[in-house]
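Good morning, and thank you for making the time. Please have the sequence and the structure open as I speak.

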Amino acid sequence: MMYIIGISAFYHDSSVCLFRDNQLIFACEEEKFTGIKHDNSFPENALSYVFKHYKLNEKNIQAVCYYEDPKLKYERVMNNINTKWFKQPLYSLKSFLKIKKNMNEIDEKLKKISSNVFYSTHHEAHLYYSFYTSSFDESICLSVDGVGEIDTLSMGIGTYHGIKYQTLAKYPHSLGLYYSAMTSYLGFKPNEGEYKMMGLAPYGDYKKYIKEARELINFNNNILTCNMGVFCWDRSDKSMFNEKLAILLPVPQRLPEEPIKQEHKDLAASIQKVYEEVFFNICKSIKSINKNTNLSLGGGCAYNGTANGKIIDKTQFNHLWIPAAPSDAGSCIGAVIHYLVKEKKIRNKVTKNPFLGPEFYFNDIKKAIGDNQFKKFESDKKLRTFVATKLNEGKVVGWYQGHIEFGSRALGNRSILANPTFPDMKDKINRVIKKREGFRPFAPMVIKEKQHEFFDMVDDIPYMNQVVKVKEEFREKLPAVTHVDGSARVQTVYSHTQIHDLLKEFEKISGYPILLNTSFNVKDKTMVLTPKDAVDTYFDTEMDILVMGNYVMFKS
């Protein structure tokens with residue numbers, strides 16, 4: 001058996017994947033081992049896990065693949081600072097020293113793993129991951145990101161022979177950096193809080209500041225342009241915008257500790273609206289290049305579920321695929337796929353299974369439970385009936401099963417579950433369990449067989465990456481998962497899975513094959529990895545019961 005390791009590191013969401021005999025068998029982010037959200041360090045812990053668990057050594061490692069090309073990144077940094085040495089010597093020197101250190105460290109660390117090092121490029125890694133996890137024989141592929149090495153926006157035509165790559169936009173002009181900068185302006189952390197701004201937007205009126213927002217970015221004549229008079233990510237390492245942005249916008253910059261007002265909601269709505277206008281124009285532009293109606297979407301911006309949910313309606317694409325981890329984390333997989341395609345060693349698609357991280361067994365669970373109160377169920381059916389009954393009563397359940405999910409969404413193995421029909425459930429979970437802002441929405445998981453009965457959607461959405469409309473007759477009946485604008489970030493659940501069986505059991509009792517599903521963590525913490533993490537989080541919140549394997553924990 002021969003192994004190939006894929007690595008993403010040093011920007012955000014560092015991760016490791018492992019292919020055995022050219023088949024994907026493992027993928028996990030470093031943050032799930034360290035507890036540091038969006039950990040960008042070299043993934044030593046994830047690497048240590050795969051070396052130990054799969055008994056790797058220099059003889060059975062065929063190659064190590066990295067998700068971008070450090071030489072191209074060096075070229076971008078040098079081109080950017082060449083004109084700034086005299087005007088901004090400190091910024092230029094810091095940028096130069098940082099990229100040199102980064103190049104040397106990457107080279108040194110990768111060669112310790114294998115002498116056969118393959119460097120993908122940032123956007124090609126995104127494109128290969130999205131296309132090769134899809135079911136499409138052919139597809140237009142689109143990568144929308146903050147920045148890669150030089151490109152910020154790219155496309156390709158994907159076939160089984162590979163992907164024909166094309167640059168669409170270059171640094172500093174970037175749809176992703178625009179969204180991150182405005183996330184920061186509204187008081188949230190860039191590269192982390194974008195989903196907060198997206199969640200805030202439906203509470204606002206986009207018309208309020210749309211004129212000003214349209215002055216920040218546009219896509220005309222197939223050219224993406226950011227207003228670099230107000231944005232300064234290409235000349236500052238401390239802020240993404242300058243004082244001119246506050247002059248342009250009628251809303252003052254919000255500091256993180258300040259309360260969220262209606263003007264912030266309105267600005268978020270305007271920012272989201274302009275993002276969508278630009279994004280859909282990009283989609284229409286690439287569609288005109290090729291007749292194919294399938295779209296494989298990757299890059300960090302592919303987490304913008306609100307925009308994703310409108311692609312089929314607003315463009316000429318008929319089918320959409322977004323993988324489980326479309327941001328930099330998933331690029332460790334894309335880098336390996338890129339290598340295998342170049343070496344002509346891959347003929348088939350890669351598994352869609354997102355449950356690729358570590359798994360912990362009964363001994364670990366029993367040890368974590370310790371002297372706490374618990375009950376062990378001897379059959380899965382009795383367990384499901386018990387849990388479904390408690391959910392129907394309004395109890396909040398921590399659900400811990402099998403391999404941890406890859407990507408930022410809890411998909412049924414590290415989840416907090418609740419009854420979506422209770423009107424106060426959303427506020428309760430936000431307030432006393434997740435301990436986060438009350439405007440943040442929750443997602444419904446629904447069995448595939450009945451998803452179209454409750455939601456307006458086209459294809460399956462297995463990874464919770466599209467926001468769609470809840471059918472009007474169910475909006476008041478599913479208040480805990482229906483957003484203020486009648487939408488929901490839905491998750492398709494397939495049969496022959498444990499969570500599908502639980503949904504079916506819940507349907508027998510409640511009439512709905514739907515549960516509220518959110519990730520098993522609290523605000524500013526990462527998803528629980530180990531049984532001990534699960535138990536600690538359970539006692540740190542007001543969750544009612546905790547299910548780990550066939551064990552159910554209670555509080556006195």
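K376 lies over the face of F362, at 5.9 Å from the ring centre. The criterion for a charge over a ring is that NZ of Lys or CZ of Arg is within 6 Å of the ring centre and within 35 degrees of the ring normal. K273 is placed over the face of Y206 in this sense, at 4.8 Å from the ring centre.

A word on the source. This is a predicted model, in which local features need pLDDT of at least 70 and side-chain atom pairs count only at pLDDT 80 or more, while totals for chains, interfaces and linings use all residues. Residues are numbered from 1 along each chain as its sequence is written, and side-chain values use heavy atoms, with hydrogens and water left out.

Let me turn to the aromatic rings. A pair of rings is described by the distance of the centres and the angle of the planes. Rings of Phe, Tyr and Trp (its six-membered ring) pair if their centres lie within 6.5 Å; planes under 30 degrees apart count as stacked, over 60 as edge-to-face and the rest as tilted. How many aromatic pairs does a search of the whole structure find? The search gives 24 aromatic pairs. One of them joins F26 and Y54, edge-to-face, at 6.2 Å centre to centre with 70° between the planes. This pair links distant parts of the chain, 28 residues apart: F26 belongs to strand β3 (residues 23-29), and Y54 to the loop between α2 (44-53) and β4 (61-66). Helices (H or I, at least four residues) and strands (E, at least two) are DSSP runs, numbered from the N terminus.

Are F26 and Y54 buried or exposed? F26 is buried, with a relative accessible area of 1%, and Y54 counts as buried at 17%. Here buried means under 20% relative accessible area, exposed over 50%, and partly exposed in between (1.4 Å probe, protein chains only). Y66 and Y67 have ring centres 5.2 Å apart and planes at 75°, so this pair is edge-to-face. Both Y66 and Y67 are buried. Ring pairs also link F26, F33, Y49 and Y54 into a cluster.

Next, helix α4 (residues 89-113), where S92 is found. At 0% relative accessibility, S92 counts as buried. Leaving aside neighbours within four places in sequence, S92 is in contact (heavy atoms within 4.5 Å) with I81, K84 and W85.

Now the backbone. Most residues other than glycine have a negative phi, and most peptide bonds are trans. Which residues does a cis peptide bond join? The bond lies between Y171 and P172, with omega about 15°; P172 is in the loop between β8 (162-170) and α6 (175-185). H38, which is not a glycine, has a positive phi of about 55°, and H38 sits in the loop between α1 (31-34) and α2. N222 also has a positive phi, near 65°. That residue, N222, lies in the loop between β9 (217-220) and β10 (223-226), and N222 is exposed, with a relative accessible area of 51%.

I shall stop there and take your questions.
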